[in-house]
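Please consider the structure shown below.

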Amino acid sequence: MFPVKTIKLEKYIDELKTEFPVYGDFLRFFTIRIGDMPSDMATWLIKIGVFYEELQKIANNMLDAYVKLAFLQAGYVPLGLLEIAEEEVAEGKGDPKALAKEITMEFIDDLLKGEDKGITVDEYINLENPKECVRVMLFSFQPNVWNDEVILGWWNEEERDKLIEEFTEPVHGYNFENMSLLMVVDPLTYRLAKEFVRRLKQELEGKLEGNILLSTHELLSLLALDREKFEADWSNLREKAVEKLKEKYPFLAIHDEIWRIRRAERDIKEARAKIARESLREVDCEEIIRNVGLSIESLLGVLYHWFRHAVPPDMTFGQLLNSLRDDIINEFGEDMYNDLAFIAEKRNLASHPKPVKLSYEDVLKVVKKAELFQRLLLHKIGLKGD
């Protein structure tokens with residue numbers, strides 16, 4: 001037995017930060033650092049474990065849900081779900097085809113919520129020709145981390161033969177006139193182990209008839225689906241599932257904003273160090289206020305992401321503050337909103353000079369108010385400061 005591929009952990013993490021077919025940017029969640037998790041979760045290993053298992057289950061289910069949706073749009077439903085529909089129809093509940101589609105859609109939704117476990121091998125029945133069946137096997141490797149390396153699965157001829165045996169076993173109780181075999185490769189496996197996938201494809205074609213092993217891109221072509229429409233439908237389903245996950249783990253809404261938080265912390269800390277000097281020139285005051293104002297603008301963007309579960313639109317400091325007015329007052333009080341309005345006013349003066357001098361007292365107030373807002377925000381989202 002030999003490893004399919006070994007790569008450095010850092011390179012693997014970089015791969016997870018990119019977008020993939022099926023997953024979109026979901027795999028980025030696996031790159032969250034412990035220090036960037038809420039303190040109530042990072043304190044307890046068991047809570048991290050539960051969170052990781054939930055992420056992994058949804059990620060594992062995504063390929064199954066994607067394939068099921070593709071076949072559903074092509075007029076096929078899983079055999080097991082068709083049997084459930086037929087049983088319910090026998091009890092007087094309507095059209096089996098329509099019910100089978102409805103049950104399949106519900107199952108897809110449950111997979112994306114992590115409520116069911118994905119299936120590695122499934123049979124899909126053509127609703128217009130029930131004698132036609134397509135057996136689909138989902139092929140993927142679960143990476144194993146060893147020190148600073150990631151091992152992408154293990155393989156030998158015995159594993160291959162075992163795979164083929166499972167893939168070709170008959171469907172008990174059924175005699176289909178047309179039985180096709182397809183193996184769909186997980187996009188992460190496909191990208192990280194392209195050479196292995198190519199060799200496996202050749203081996204399968206040598207032992208089985210036809211073009212067996214497909215990427216998700218090739219699957220959509222085989223099913224003659226409108227790719228743009230399908231991907232739009234899939235993205236909507238996936239994003240709904242991610243929104244549900246963010247409701248359960250709100251810190252995920254600002255995961256991509258962590259760098260903004262850390263940069264703002266650094267800049268405010270630097271400003272605090274500068275005002276410790278005995279004297280500051282007016283130009284120094286303006287620079288400090290501009291930098292602190294930019295930091296607070298970034299933190300308001302994080303807050304927008306937190307409340308709206310969306311990346312903030314292109315807004316000025318004042319527009320962003322006004323859009324969050326009610327949220328800030330409800331969460332932090334009207335005095336905090338007024339403090340932020342004060343920072344916005346002074347930042348505007350520093351950026352667009354007027355015949356008004358900015359004093360040391362102005363700088364001191366801006367930095368202190370910024371520090372307070374930063375601490376309240378970190379407390380709100382459960383992050384520890386540097």
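Phe-107 lies in helix H5, where helices (H or I, at least four residues) and strands (E, at least two) are DSSP runs, numbered from the N terminus. The model is a predicted one, in which local features need pLDDT of at least 70, side-chain atom pairs count only at pLDDT 80 or more, and totals for chains, interfaces and linings use all residues. Residues are numbered from 1 along each chain as its sequence is written, and side-chain values use heavy atoms, with hydrogens and water left out.

With a relative accessible area of 16%, Phe-107 is buried; buried means under 20% relative accessible area, exposed over 50%, and partly exposed in between, for a 1.4 Å probe and protein chains only. When neighbours within four places in sequence are left aside, Phe-107 is in contact with Asp-64, Lys-68, Leu-81, Asp-116 and Ile-119, contact being defined as heavy atoms within 4.5 Å. Arg-281, by comparison, is 174 residues from Phe-107 in sequence and 66 Å from Phe-107 in space, C-alpha to C-alpha.

Two packed helices are described by the angle between their axes and the distance between the axes. Helix H4 (residues 79-90) packs with helix H5 (residues 96-113) at an angle of about 130°, and their axes are 8 Å apart. Here axes are lines fitted to C-alpha atoms, for helices over the stretch in contact, and angles run from 0 to 180 degrees between N-to-C directions. H4 and H5 are therefore oblique to each other, since angles under 35 degrees count as roughly parallel, over 145 as roughly antiparallel, 65 to 115 as roughly perpendicular and the rest as oblique. The crossing of H4 with H5 is right-handed; a crossing is left-handed if the near helix is turned anticlockwise from the far one by less than a right angle, and right-handed if clockwise.

On the H4 side of this contact stand Leu-81, Leu-82, Ile-84, Ala-85, Glu-86, Glu-88 and Val-89, which meet Pro-96, Leu-99, Ala-100, Ile-103, Thr-104 and Phe-107 in H5. By class, the contact of H4 with H5 comprises ten nonpolar, one polar and two charged residues. In this scheme Ala, Val, Leu, Ile, Met, Phe, Trp, Tyr, Cys and Pro count as nonpolar, Asp, Glu, Lys and Arg as charged, and the others, Gly among them, as polar.

H3 also packs with H5, at an angle of about 160° and with the axes 8 Å apart. That angle makes H3 roughly antiparallel to H5. H3 passes H5 in a left-handed crossing. The residues of H3 that meet H5 include Asp-64 and Lys-68, and those on the H5 side include Phe-107 and Ile-108. The contact of H3 with H5 divides into ten nonpolar, two polar and four charged residues.

Which residues have the most contacts inside the largest nonpolar core? They are Phe-26, Phe-71, Ile-296 and Leu-300, in a core of 131 residues. A nonpolar core is a set of buried Ala, Val, Leu, Ile, Met, Phe, Trp, Tyr and Cys residues joined through side-chain atoms within 4.5 Å. Helix H3 (residues 45-73) supplies the largest share of this core, 14 residues. Phe-71 touches Tyr-76, Tyr-124, Val-134, Val-136, Leu-182, Leu-219 and Leu-223, not counting residues up to four places away in sequence.

Thr-189, in helix H7 (residues 187-192), counts as buried at 0% relative accessibility. Lys-346, in helix H15 (residues 334-351), counts as buried at 12%. Beyond its neighbours within four places in sequence, Lys-346 is in contact with Ile-289, Leu-358, Asp-362 and Val-366.

The loops present another aspect. Most residues other than glycine have a negative phi. Asn-147, however, has a positive phi near 55°, and is found in the loop between strand S6 (144-146) and strand S7 (149-151). Asn-147 is exposed, with a relative accessible area of 64%. Phi of Ala-224 is likewise positive, near 55°. Ala-224 belongs to the loop between helix H9 (216-222) and helix H10 (227-248), and counts as exposed at 68% relative accessibility.
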